[in-house]
Amino acid sequence: MHALPEDHTGVRMRRLRRERHLTQRAVSDLSGIPYSTYTKTEQGVIPATPHVIAAFARAVRVEVATVVGQPYATQLRADELDVLISPVREALDVYDLGADPDIQPRSLAALHGDAEALCAAVRAGEIKQAASRVAGLIEEATTAAHLSGSTEGWLTLASFYRTAYDVAAKLGFADLAQLSLARMDWAAQRGSDAVLGGMFHYLRALTYLREGKYRTGERLVSLGLSALQQADESREREVVTGQIHLGAAVMAGRAHNKDEALTHLGEAERIAGTTGESVQVHWLAFGPTNVKVHRVSVLAELDEYSKAVEVTSDLRIPDDWPKSRTSHHYAEVARAQMWTGKIDESFKSLLIARKTAPQQAKYHPTVRETYAGLEAAYRRLPESFLSYGSWLGAAAHA
């Protein structure tokens with residue numbers, strides 16, 4: 001008995017391949033995916049890794065979101081999240097219209113407090129809370145920024161745009177995420193903040209990482225690091241610089257460029273040694289813990305799953321670490337454990353990912369791919385496993 005409908009990523013890959021009248025061998029040649037790996041992925045014998053998904057998407061010229069089935073429309077409707085997306089799009093459209101005469105904005109201090117609260121909500125895994133509030137706050141902050149014309153006003157607006165990006169990215173709306181980032185850059189330029197400009201390039205690079213477009217992502221990493229050199233020396237600048245190196249390490253790992261990945265990790269580790277834990281600096285959670293967490297991710301991207309599992313053995317997540325990052329980490333750990341045959345341990349990690357940040361885990365492609373792989377590995381599915389599948393089920397059918 002299966003817990004999920006038979007519409008896993010492999011099925012979608014087969015459907016997309018046939019729509020383009022390609023053979024399995026042709027896709028293997030075009031993508032560089034080993035033939036046996038590709039055929040087993042299509043059949044659902046092995047789960048699709050991010051590297052395979054990205055290579056396939058490039059080969060058949062579709063978006064990664066199409067391959068993994070995002071956005072998960074059925075589950076979004078069930079969770080009443082779909083109705084929150086349209087207002088965000090509308091709020092992003094009024095950025096250059098000046099002050100709205102029908103809006104009487106509160107003080108910039110009050111708006112800044114709301115911006116910080118939304119960033120904290122996203123890091124706590126409260127995606128619905130952030131999504132339900134961000135559109136109205138963007139409209140209010142847009143008017144406030146145009147009226148004040150101050151650095152504080154523009155940077156507060158930029159923070160709300162960043163939350164719109166976070167919500168869109170986590171729910172699988174890639175186009176909305178990119179638009180949110182464009183607005184964030186627009187506001188940051190008016191606020192003349194070089195550090196925020198560097199962070200914009202980092203976040204934009206992550207969108208290309210998700211799409212498997214590593215060359216463009218690497219160029220954006222370089223732009224981000226160059227932008228940061230224009231900022232005054234500060235702990236804030238070092239934190240963002242270190243985080244860019246972590247993102248670049250994962251990107252290089254997914255591209256299977258081990259030397260470059262380890263170089264970026266080493267630089268991030270060096271910086272973290274000077275900044276210490278800096279969880280709330282731009283809400284990036286940068287520090288020694290995040291370097292260790294990213295080492296697990298990089299090793300997994302390099303298909304060195306045994307090493308990734310080994311690294312987790314002495315990794316302790318602080319109690320005050322953002323729940324969204326903790327949940328993401330356990331999703332990565334579950335993937336590595338699954339590939340090393342640690343089936344029960346992998347499911348336990350998926351349970352932790354769900355318990356820590358349930359709204360995020362439900363829409364996380366790694367959680368879904370790992371679950372599908374575990375389902376294929378189990379001979380008899382325990383009731384708790386079936387329950388997990390039912391929780392994911394509507395999203396899997398999207």
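**Close-up views of a predicted model**

The count of aromatic pairs in this predicted model comes to 10.

**View 1. Y95 and W186 form an edge-to-face pair.** The ring centres lie 5.0 Å apart and the planes meet at 90°, so the pair counts as edge-to-face. Distant parts of the chain are linked here, 91 residues apart. Y95 sits in the loop between α7 (85-93) and α8 (108-123), and W186 in helix α11 (residues 174-190). W186 is buried, at 15% relative accessible area. The ring of Y95 also has the charged end of R183 over it, 3.7 Å from the ring centre.

**View 2. F347 and Y388 pair edge-to-face.** Their centres are 5.7 Å apart, with 75° between the planes. F347 belongs to helix α19 (residues 343-356) and Y388 to helix α22 (residues 383-396), 41 residues apart. F347 is buried at 5% relative accessibility. Y388 is buried too, at 0%.

**View 3. R368 lies over the face of Y72.** The distance to the ring centre is 4.1 Å.

**View 4. F200 is buried in helix α12 (residues 194-210).** Its relative accessibility is 7%, under the 20% cut-off, so F200 counts as buried. Beyond its neighbours within four places in sequence, F200 contacts L181, A182, M184 and D185. The C-alpha atoms of F200 and G224 are 7.5 Å apart, across 24 residues of chain.

**View 5. Helix α9 (residues 127-148) bends at V134.** The bend is about 35°. At 1.5 Å a residue, the 22 residues should span 32 Å; the end C-alpha atoms are 30 Å apart, which agrees. G149 follows α9, with a positive phi near 60°.

Note on methods:
Residues are numbered from 1 along each chain as its sequence is written. This is a predicted model: local features need pLDDT of at least 70, side-chain atom pairs count only at pLDDT 80 or more; totals for chains, interfaces and linings use all residues. Side-chain values use heavy atoms; hydrogens and water are left out. Helices (H or I, at least four residues) and strands (E, at least two) are DSSP runs, numbered from the N terminus. The expected span of a helix is 1.5 Å times one less than its number of residues. The bend at a residue is the angle between axes fitted to the seven residues ending there and the seven starting there. Buried means under 20% relative accessible area, exposed over 50%, partly exposed in between (1.4 Å probe, protein chains only). Contact means heavy atoms within 4.5 Å. Rings of Phe, Tyr and Trp (its six-membered ring) pair if their centres lie within 6.5 Å; planes under 30 degrees apart count as stacked, over 60 as edge-to-face and the rest as tilted. A charge sits over a ring if NZ of Lys or CZ of Arg is within 6 Å of the ring centre and within 35 degrees of the ring normal.
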